[in-house]
Amino acid sequence: MHRNWVLGLAALPLLSGGCVAKTAFDIVTMPVKAAGQAADWATTSQDEADRNYGRKMRKQEAREGRERRKQQEACRKRGGRDCAYDGYRAGDDDRD
């Protein structure tokens, strides 16, 4: 009886189809994969940078539109005098 149990235990790695070796490999490579994932999370991809820049420019253009409309309304109230727009322009980072 004891002999059968030992043989069964010895045959277990063969019956598992390499599952133990795969698990050991996964455990060994886990820190490398985790470091790679952390680096991905810490860096900005070109797509993300483009999306962020587009969002920033849309916000700036909306701000410029609001200021221009406000300036035009003030110009109409003044009767059309002194109507040159010299306010905020989207893309001018030095005025931000």
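Three salt bridges are counted here, a salt bridge being a side-chain nitrogen of Lys or Arg within 4 Å of a carboxyl oxygen of Asp or Glu. Welcome to this predicted model, in which local features need pLDDT of at least 70, side-chain atom pairs count only at pLDDT 80 or more, and totals for chains, interfaces and linings use all residues. Residues are numbered from 1 along each chain as its sequence is written, and side-chain values use heavy atoms, with hydrogens and water left out.

**Overall layout**

- The protein chain has three helices and zero strands; both are DSSP runs numbered from the N terminus, with helices (H or I) of at least four residues and strands (E) of at least two.
- Reading along the sequence gives the pattern α-α-α.
- Of the 96 residues in the protein chain, 10% are buried, where buried means under 20% relative accessible area, exposed means over 50%, and partly exposed lies in between (1.4 Å probe, protein chains only).

**How confident is the prediction?**

- The protein chain has a mean pLDDT of 76, and 75% of its residues reach 70 or more; pLDDT is the predictor's confidence in each residue, from 0 to 100.
- Confidence is lowest in helix H1 (residues 2-15), where the mean is 57.
- Helix H3 (residues 46-77) has the highest confidence, at 91.

- Glu-67 pairs with Arg-63 in a salt bridge whose closest N and O atoms are 3.4 Å apart.
- These two residues, Glu-67 and Arg-63, are separated by about one helical turn because they sit four residues apart in helix H3.
- Glu-67 is partly exposed because its relative accessibility is 26%, and Arg-63 also counts as partly exposed, at 30%.
- A salt bridge also joins the side chains of Arg-68 and Glu-64, at 3.1 Å from N to O.
- Arg-68 and Glu-64 are both in helix H3, four residues apart, or about one turn of the helix.
- Arg-68 has a relative accessible area of 30%, so this residue is partly exposed, whereas Glu-64 is buried because its value is 15%.
- Glu-73 and Arg-76 form a salt bridge too, with 2.9 Å between the closest N and O atoms.
- Both Glu-73 and Arg-76 belong to helix H3, and they are three residues apart, about one turn of the helix.
- Glu-73 is partly exposed at 36% relative accessibility, while Arg-76 counts as exposed because its value is 58%.

**A patch of positive charge**

- Arg-51, Arg-55, Arg-58 and Lys-59 gather in a positively charged patch on the surface.
- Patches are made of residues with over 30% relative accessible area and no salt bridge; like charges are joined within 9 Å, and nonpolar side chains (Val, Leu, Ile, Met, Phe, Trp, Tyr) within 5 Å.
- Lys and Arg count as positive and Asp and Glu as negative, with His and the chain ends not counted.
- One member of the patch, Arg-55, lies in helix H3 and is partly exposed because its relative accessibility is 40%.

- Glu-61 is another residue to look for in helix H3.
- Glu-61 has a relative accessible area of 47%, so this residue is partly exposed.

Definitions and conventions. Accessible areas come from the Shrake-Rupley method with a 1.4 Å probe; for residues, only the protein chains shown count as cover. The place of a charge is taken as NZ of Lys, CZ of Arg, CG of Asp or CD of Glu.
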